[in-house]
Amino acid sequence: MSAIENQGRPVELGDVQGLVRFGYKHLTEACFLLLRVSDPAAARAWLAQAPVTSAIKTDRLPETALHVAFTSEGLRALEVAPDLCAEFSAEFVAGMTSDGARARRLGDVGANDPGGWKWGAGERVPHVAVLLYARAGRLAAWEQEIEAQCAAGFVRIERLSTSDTQLKEPFGFDDGISQPKVDWERARPVRDQDQLEYRNLTCLGEFLLGYPNEYGLYTPRPLLAPQRDPGGLLPRAEDAPDRADVGRNGCYLVLRQLQQDVQGFWRELDRQAGGDVDLRERLAAAMVGRKKDGEPLAVPSGESGGAATPRSKPNDFTYRDDPRGLRCPLGAHIRRTNPRNADLPPGGRGILSRLWRMLGFNAAALEQDLVASTRFHRLLRRGRKYGVDAAPARSSPGAETGIHFICLAANIKRQFEFVQSAWLVGSKFAGLTGESDPLLGHRLPDMGDFPTDGFSIPQADGPDRRLTGLPQFVTVLGGAYFFLPGISALRYLATTR
Ligand code: HEM
């Protein structure tokens, strides 16, 4: 059946791991267990019946949730057939720390070099991640129970603890505000047509394998002859009904431990602001693109892009009326990670205007043209902060704080790696020079030996205000690419050989 014939067909929510649909904000406690297989048979026995939480909504919110994801090394350690493993995407198969070129693209150089990571390189590549979420006060007992179940098959190489979801991220900003709206109803027309307006509603296939993506296509994934699934565990592929679909209802999960130097961040802003407290706050907001309370800079005070107040709907805006970055700098973190643009630079709806822009003749929009269509590069963020306590972030000197960054995507390369390398690490984003992401940049010179440690804040009445010599605020301490399978694929992978 074609993608169009499948439009509107219900999603098998009972087969999708709940993390794809829910952020579990009410489950304020969480920890991530990174495991290596010590006894494949025992590991498979646990995975075959692990109490994984599905994406079905229940009348009462769950008290706990559990999710399981594998690295490609993990699949091999579990003795999954090599030809099946090889059919996953190349970047998943190779792994996050596969080679120097990938490290350079991802900005994993200098202090971020995988050689210095706590986990994720060499013998410390995890095989399996078990993500545990619980209501306040419930995690410790739940974790003990799960660890006891896993003990026969795995050794734990790392336990990533997290902080309460209600707290701000360590630099002191509201987090977890903007997310793509996932098209769970499959209401988006399945065709690859230019989108002239930015829309937040994103095709399910951008996040879940086995469904059409923003191109109207099914992302490649392992598809098997039915004989390889004699128990009939796997769903059939929508686009190839004679094949068993190992990817369907699963997705890739990118996990990175990002340590934040909170003291260093505010010290530098104090220096840049010459001790002016108000200016310091404005500079910090310019770097993020939102004020600490989440209010987006792109929306003029008192307006909200159609909503009652900016606070009530702080995500309904674009940068269309701020092409020079006078309100929100072009290089601000949220503008880099989601430029909120359409497939063509802004312009009229008529056919001539459209043709003009398609051919790249709109010189005024050249900079927007340098930023590829956002809809092919969306990320579903599911990270949690760590090391933050209820006291204001600045009052805990010495404590290691940061974000266990998690994002979900159907295509690691086109989504996570593109955003990370072209938009965050890249020093040519939107025609800028001499700068990379103001929060995440590693500050080392780029390939052409140009500096990346600046940040420009355009001014209406003169040249840009330019910050230079920014130090590194965020250091990568670990990371890996995982596959978060559909629940039937999890059972299949645990029982097949
Ligand atoms: C320690 C590291 C990081 C910090 C402190 C940080 C902080 C923030 C903050 C404060 C926001 C605004 C609130 C929100 O919309 O949720 C935000 C948004 C966002 N961040 Fe980050 N972030 C970090 C790392 C990353 C990384 C590594 C990526 C991607 C590779 C990323 C992608 C995004 C995206 C996609 C948004 C939403 C943008 C939008 O739709 O407007 N962030 N981040």
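This report describes the surroundings of the ligand, the aromatic pairs and a few single residues in a predicted model.

Residues are numbered from 1 along each chain as its sequence is written, and side-chain values use heavy atoms, with hydrogens and water left out. Because the model is predicted, local features need a pLDDT of at least 70 and side-chain atom pairs count only at pLDDT 80 or more, whereas totals for chains, interfaces and linings use all residues.

**The ligand and its shell**

Around the ligand there are 25 residues, and those that come nearest are Ile 177, Ser 178, His 333, Arg 340 and Arg 381; a residue is near a molecule if one of its heavy atoms lies within 4 Å of it. By kind, the residues of this shell divide into 12 nonpolar, seven polar and six charged, where Ala, Val, Leu, Ile, Met, Phe, Trp, Tyr, Cys and Pro count as nonpolar, Asp, Glu, Lys and Arg as charged, and the others, Gly among them, as polar. At least two residues of the shell are supplied by each of β9 (251-260), α9 (333-337), β12 (401-409) and α12 (413-425); these helices (H or I, at least four residues) and strands (E, at least two) are DSSP runs, numbered from the N terminus.

The iron atom of the ligand has His 333 as its only protein donor, through NE2 at 2.1 Å, and His 333 has its place in helix α9. Donors are N, O and S atoms within 2.8 Å of the metal (3.2 Å for Na, K and Ca), and since water is not among the atoms, sites may look incomplete.

| Residue | Protein atom | Distance to a ligand oxygen |
|---|---|---|
| Ile 177 | polar backbone atom | 2.8 Å |
| Asn 338 | polar side-chain atom | 2.9 Å |
| Arg 381 | N or O atom in the side chain | 2.8 Å |

**Aromatic rings**

A search of the whole structure finds 18 aromatic pairs, that is, rings of Phe, Tyr and Trp (its six-membered ring) whose centres lie within 6.5 Å, with planes under 30 degrees apart counted as stacked, over 60 as edge-to-face and the rest as tilted. In one of them, the rings of Tyr 24 and Tyr 133 have centres 5.2 Å apart and planes at 45°, so this pair is tilted. Tyr 24 lies in the segment before β1 (29-37) and Tyr 133 in strand β3 (residues 128-134), so the pair ties together parts that are 109 residues apart in sequence. Tyr 24 is buried, with a relative accessible area of 3%, and Tyr 133 is buried too, at 1%; buried means under 20% relative accessible area, exposed over 50%, and partly exposed in between (1.4 Å probe, protein chains only).

The rings of Phe 92 and Phe 483 have centres 6.4 Å apart and planes at 65°, so that pair is edge-to-face. It links distant parts of the chain, 391 residues apart, with Phe 92 in helix α4 (residues 90-94) and Phe 483 in strand β15 (residues 474-484), and both residues are buried.

**Single residues**

Glu 214 is placed in the loop between β6 (201-202) and β7 (223-224) and is buried, with a relative accessible area of 2%. A polar atom of the Glu 214 side chain lies 2.9 Å from the backbone nitrogen of Cys 203. Arg 9, in the segment before β1, counts as partly exposed at 34% relative accessibility.

Note on methods:
A polar contact is a pair of N or O atoms within 3.5 Å; within protein, one must be able to donate a hydrogen and the other to accept it, and residues adjacent in sequence count only if both atoms are side-chain atoms.
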